[in-house]
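Open the model in your viewer and keep the sequence panel beside it. This tour goes from one selection to the next and says what is found at each stop.

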Amino acid sequence: MDNLKNIASKNIIYLRKRSQMTQLELGEKLNYSDKAISKWERAEAIPDAYILKQMSELFHVSVDYILTDHSNEEETPETPAPLRYYNHMTIKKITIVGIWTLAILIFTIFWALGYREWLIFVYTLPISLIVLLVLNSIWGNRKNNFYIISGLVWSIIAAIYLSFFKYNLWLLFILGIPSEMIIYLSFKIPQE
């Protein structure tokens, strides 16, 4: 059993590093703590079958690969992070640029009609942050959601303030303080 733990440990370390993940990032993807990942990598424990299956899908290998000794095989060169990561980043960038391009188009149309609707850009920021939050929740790192949600809260407050500027609603910005506290505390809730 100890030999199997050592084999799994080496393979988990190799696959995680090949994917350029930290123990925390791997733990977030598997809904486990980084302490559990560390325990597996130190060969103190072995993941259960369900987690091994999740890892095999995450790293695009078989469960058998994770549990098989590869020390007698030729050294395989370090492969870069999976191409999927770069595809997801490209999709995020294209989507955000597309949203801002649409905003510029709408602004240009209004400008051609004689209206100067600069608030279009103010409204585009929270819209693009919402889209980025959704895409990052699907493909990204959970800790980045903290910054995206914070930016979203402040951009919504700013959009409301600038939309009703004549009413001098500067006190709206005070709402940002408890909002930030709620966001911060909600990200401190441990995930198992």
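**Stop 1: helices H2 and H4**

Select helix H2, residues 23-30, together with helix H4, residues 49-59; their axes come within 10 Å and cross at roughly 115°. With that angle, H2 counts as roughly perpendicular to H4. The crossing of H2 over H4 is right-handed. Keep in mind throughout that the model is a predicted one.

Now show the side chains at this contact. On the H2 side, select Leu-26, Lys-29 and Leu-30; they meet Ile-51, Gln-54, Met-55, Leu-58 and Phe-59 of H4. Colour these residues by class, and the contact of H2 with H4 divides into six nonpolar, one polar and one charged.

**Stop 2: two loop residues with positive phi**

Go to Gln-20, in the loop between helix H1 (2-18) and H2. What is its phi, given that Gln-20 is not a glycine? The angle is positive, about 55°. Is Gln-20 buried or exposed? Gln-20 has a relative accessible area of 55%, and over 50% counts as exposed.

Next select His-60, which sits in the loop between H4 and helix H5 (63-66). His-60 is also a residue other than glycine with a positive phi, here near 60°.

**Stop 3: aromatic pairs**

How many aromatic pairs does the structure hold? There are eleven. Two of them are visited here. A pair of this kind is described by the distance of the ring centres and the angle of the planes.

Select Phe-107 and Phe-121. Their ring centres are 5.0 Å apart and the planes stand at 45°, so this pair is tilted. Phe-107 belongs to helix H6 (residues 83-112) and Phe-121 to helix H7 (residues 119-139); the pair links distant parts of the chain, 14 residues apart. Phe-107 has a relative accessibility of 19% and counts as buried, because the cut-off for buried is under 20%. Phe-121, at 27%, is partly exposed.

For the second pair, select Tyr-161 and Phe-173. Are you looking at a stacked or an edge-to-face pair? The pair is edge-to-face, with 5.2 Å from centre to centre and 65° between the planes. Tyr-161 is in helix H8 (residues 142-163), while Phe-173 is in the loop between H8 and helix H9 (176-187), so the pair ties together parts that are twelve residues apart in sequence. Tyr-161 is buried, at a relative accessible area of 16%, whereas Phe-173 is partly exposed at 30%.

**Stop 4: helices H8 and H9**

Select the whole of H8 and H9. Their axes are 10 Å apart, and the helices pack at an angle of about 165°. That angle makes H8 roughly antiparallel to H9. H8 passes H9 in a right-handed crossing.

Which residues make the contact? To see them, select these two groups:

- from H8: Arg-142, Asn-145, Phe-146, Ile-149, Ser-150, Val-153, Trp-154 and Ile-157;
- from H9: Gly-176, Ile-177, Ser-179, Glu-180, Ile-183, Tyr-184, Ser-186 and Phe-187.

Sorted by class, the contact of H8 with H9 has nine nonpolar, five polar and two charged residues.

**Stop 5: Ser-155**

Stay on helix H8 and select Ser-155, which lies in it. Is Ser-155 buried or exposed? Ser-155 counts as buried, at 6% relative accessibility. Setting aside neighbours within four places in sequence, Ser-155 is in contact with Leu-125, Pro-126 and Leu-129.

**Stop 6: Trp-118**

Finally, select Trp-118 in the loop between H6 and H7. Trp-118 has a relative accessible area of 48% and is partly exposed. Show its surroundings: not counting residues up to four places away in sequence, Trp-118 touches Phe-107 and Leu-162. Phe-107 is the buried residue from the tilted pair.

To end, draw a distance line between the C-alpha atoms of Trp-118 and Tyr-184. How far apart are these two residues in sequence and in space? They are 66 residues apart in sequence and 32 Å apart in space. Tyr-184 was also listed at Stop 4, on the H9 side of the contact with H8.

Key: Residues are numbered from 1 along each chain as its sequence is written. This is a predicted model: local features need pLDDT of at least 70, side-chain atom pairs count only at pLDDT 80 or more; totals for chains, interfaces and linings use all residues. Side-chain values use heavy atoms; hydrogens and water are left out. Rings of Phe, Tyr and Trp (its six-membered ring) pair if their centres lie within 6.5 Å; planes under 30 degrees apart count as stacked, over 60 as edge-to-face and the rest as tilted. Helices (H or I, at least four residues) and strands (E, at least two) are DSSP runs, numbered from the N terminus. Buried means under 20% relative accessible area, exposed over 50%, partly exposed in between (1.4 Å probe, protein chains only). Axes are lines fitted to C-alpha atoms, for helices over the stretch in contact, and angles run from 0 to 180 degrees between N-to-C directions. Angles under 35 degrees count as roughly parallel, over 145 as roughly antiparallel, 65 to 115 as roughly perpendicular and the rest as oblique. A crossing is left-handed if the near helix is turned anticlockwise from the far one by less than a right angle, and right-handed if clockwise. Contact means heavy atoms within 4.5 Å. Ala, Val, Leu, Ile, Met, Phe, Trp, Tyr, Cys and Pro count as nonpolar, Asp, Glu, Lys and Arg as charged, and the others, Gly among them, as polar.
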